[in-house]
Amino acid sequence: MNQQQFESFTASSLYCEKCKAAMPVRERLLLVLPDREIFDYLCAGCGSSVGRREITAGEKLMAQAMAGRRSGRSGARHQLMP
Ligand SMILES: [Zn+2]
């Protein structure tokens, strides 16, 4: 039940304790694992790490599908549950 937290975590700005404000963040690929990728979020102001996010293979596929979705194809891909 941490939906709100999750949403703020995936936003493009996060609260930075050093800057004491919500700052824009840069996403940096930290680690690539067989089933997930771990991203580090760095404050654009001071460069300190303000968050971390794991993207599983399923999420990545979904993100790619969303990013690659251009005008045209209306047939949504079915997401297969593992
Ligand atoms: Zn900062």
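A residue counts as buried if 20 or more other C-beta atoms lie within 10 Å of its own, as exposed if 12 or fewer do, and as partly exposed in between, with C-beta atoms placed from the backbone. By that count, buried residues make up 7% of the 82 residues in the chain. This is a predicted model: local features need pLDDT of at least 70, side-chain atom pairs count only at pLDDT 80 or more, and totals for chains, interfaces and linings use all residues. Numbering starts from 1 along each chain as its sequence is written.

**View 1. Two helices and four strands build the chain.** Helices (H or I, at least four residues) and strands (E, at least two) are DSSP runs, numbered from the N terminus. Read from the N terminus, the order is α-β-β-β-β-α.

**View 2. The four strands form an open antiparallel sheet.** Strand order is β1-β2-β3-β4. Two strands pair if DSSP finds at least two bridges between them. β1 (13-16) and β4 (49-56) are the edge strands, each pairing on one side only. From one strand to the next, the twist averages 40°. Axes here are lines fitted to C-alpha atoms, for helices over the stretch in contact; angles run from 0 to 180 degrees between N-to-C directions.

**View 3. The hairpin of β1 and β2 has four residues between its strands.** Lys20 takes a positive phi near 55° in this hairpin. The two strands run antiparallel and are joined by four bridges. Cys16 stands opposite Ala21 in β2.

**View 4. Strands β2 and β3 run antiparallel.** Seven bridges join β2 (residues 21-32) to β3 (residues 36-43). Leu31 faces Ile38 in β3 across the pairing, standing opposite that residue.

**View 5. Helix α2 packs on the sheet.** This helix spans residues 57-67 and touches β3 and β4. Its direction makes about 90° with that of β4. Contact means that the C-beta atoms of two residues, placed from the backbone, lie within 7 Å.

**View 6. Six residues make up the largest nonpolar core.** A nonpolar core is a set of buried Ala, Val, Leu, Ile, Met, Phe, Trp, Tyr and Cys residues joined through C-beta atoms within 7 Å. The members are Cys16, Met23, Val25, Tyr41, Cys43 and Val50. In soluble globular proteins, nonpolar side chains tend to be buried together.

**View 7. Val50 and its contacts.** Neighbours within four places in sequence are left aside. Val50 then contacts Leu14, Tyr15, Cys16, Val25, Tyr41, Leu42 and Cys43.
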